[in-house]
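Visitor: Please show me the model, and then let me ask about it piece by piece.

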Amino acid sequence: MSIKNPASHPRTTQSVCIGDFTFESGEKLTQVELAYERSGPTDAPIVLICHALTGNQTAVGSKDEPGWWAGLIGNGCPIDTNRYQVITFNVLGGCHGSTGPASINPETGKVFRQSFPKVTIRDMVHAQYKALHRLGITEVYAIAGGSLGGMQTYEWGLLYPDFMEQLFILAATPYLSDYGIAFNHIGARAIQDDPSFKNGNYQSNEDLQGFEIARMTGMVTYRSSTLFEKRFDRSPSEKTSYEIQSYLDYQGDKIKERFDANSYLYLLEAMNNHDIGRDRNGWQNAASKYKAHVHTFSFEHDLLYPDELIRQFSVYPKKGSHHQISTDYGHDGFLVEFDHWGKWIEQKLKSL
């Protein structure tokens, strides 16, 4: 692979219209848009980034407002924006500029809300594929993502096996386990059973205490008990009895400011339905079909996406590697401590 290093490294945030789109369910929408961030040399090899559940297209961000993977991606970082062009889309069904439940239905002039078509991980990937072609991109060098982003990365390698050379799958299993579905169900029920939810016709996220509970439940599974013990150590709080309670209350309140509850429900359901083996004769058979190099990463103490299942998957691709990362963060390890594991991504990117 040749690396180009032009003098200017622009970052842009825009939207691209992919026109009509047909979902796996058979439902169709017109004028579908995907919002995206594009960073790095415009003629350099492309690394496509896929975001997690409450993430968005701002993976790199700016100096004043860093993105959610700033430090892993950027000037001189493991995914170096001097060497690679990095593109991230807000997923179909998201709420940060891409068409989703919070968007206006062009046919009715009203917000979609719960009338939005059911969306799957494969729908997300197909939409991004169309968006890349609208941008004049017919191949990428690598695709990377964690959690929901990792699910998308799994599907990219099967839906478009010749589109990329490398896949980096972090903190994601080939299918979502019953344990993961169980926690998603608790979160969904907390939102749906809130009297203010009104079948998705709520006036504002601020009215939804159930959304706060859903987020708090999620946060408990994203971090490890070891990390909570080290960070909070039963410390008392002025607002509540303990600091851990204040922390969860803060996280619950914060999600309402930056995410749409309907979109959250749609993405939870997409995660529930994630299974690379669906209509492919089982996940083991699907796992043997990858053409790209597949690099998987598991994180110690991850309750939802355990090393055992990711490691089991990793032996099936013809060209694969697996790394377990030692961390106290659990599932959220893929969002922090880049100096501990970013070197693996950097080395693999440079290996071809």
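Visitor: Is A171 buried or exposed?
Guide: Glad you asked! This is a predicted model, in which local features need pLDDT of at least 70 and side-chain atom pairs count only at pLDDT 80 or more, while totals for chains, interfaces and linings use all residues. Residues are numbered from 1 along each chain as its sequence is written, and side-chain values use heavy atoms, with hydrogens and water left out. Buried means under 20% relative accessible area, exposed over 50% and partly exposed in between, with a 1.4 Å probe and protein chains only. A171 has 0% relative accessibility, so A171 counts as buried.

Visitor: Where is A171 found?
Guide: A171 has a positive phi, near 50°, although A171 is not a glycine. To place it we need helices (DSSP runs of H or I, at least four residues) and strands (runs of E, at least two), numbered from the N terminus. A171 is in the loop between β8 and α3.

Visitor: What is the relative accessible area of S147, another residue with a positive phi?
Guide: Phi of S147 is near 60°, and S147 is a residue other than glycine. S147 sits in the loop between β7 (142–146) and α2. S147 is buried because its relative accessible area is 5%.

Visitor: How many residues of β8 are buried?
Guide: In a regular strand the side chains alternate between the two faces of the sheet. In β8, Q166, F168 and L170 point one way, L167 and I169 point the other way, and all are buried. β8 is therefore largely enclosed by the rest of the structure, its buried residues numbering 5 of the 5.

Visitor: Which residue stands opposite L167 in β8?
Guide: Two strands pair if DSSP finds at least two bridges between them. β7 and β8 pair in the parallel sense over 5 bridges. Opposite L167 stands I143.

Visitor: How many residues lie between β1 and β2 in their hairpin?
Guide: Strand β1 (residues 11–22) and strand β2 (residues 28–39) pair in the antiparallel sense over 10 bridges, and C17 stands opposite E33 in β2. In the turn of the hairpin, G26 has a positive phi of about 100°. Between the two strands of the hairpin, the number of residues is 5.

Visitor: Why is the pair of W68 and W69 tilted?
Guide: A pair of aromatic rings is described by the distance of the centres and the angle of the planes. Rings of Phe, Tyr and Trp (its six-membered ring) pair if their centres lie within 6.5 Å; planes under 30 degrees apart count as stacked, over 60 as edge-to-face and the rest as tilted. The structure holds 26 aromatic pairs. The rings of W68 and W69 have centres 5.0 Å apart, and the pair is tilted because the planes are at 35°.

Visitor: How many residues apart are Y129 and Y160?
Guide: Y129 and Y160 form a stacked aromatic pair, at 3.7 Å centre to centre with 10° between the planes. The pair links distant parts of the chain, with Y129 in helix α1 (residues 121–134) and Y160 in the loop between α2 (148–159) and β8 (166–170). Y129 is partly exposed because its relative accessibility is 23%, and Y160 is buried because its value is 16%.

Visitor: Which helix supplies the largest share of the lining of the largest pocket?
Guide: On a 1 Å grid over the protein atoms alone, a pocket is an open set of points with protein on both sides within 12 Å along at least five of seven lines; a cavity is a set where a 1.4 Å probe fits but cannot get out, and lining residues have an atom within 4 Å of a point. The largest pocket is lined by 37 residues, of which T54, G55, R215, R258 and L335 lie nearest its centre. Helices α3 (178–192), α4 (209–222), α6 (243–258) and α7 (261–272) each supply at least two lining residues. The largest share, 7 residues, comes from α4.

Visitor: What is the volume of the largest cavity?
Guide: Grid points are joined across faces, edges and corners, and a volume is the space filled by probe spheres set on the points. A search of the whole structure finds 1 cavity of 30 Å³ or more. Its lining is T120, I121, R122, E155, N273, H274, D275 and R278. The volume of the largest cavity is about 30 Å³.
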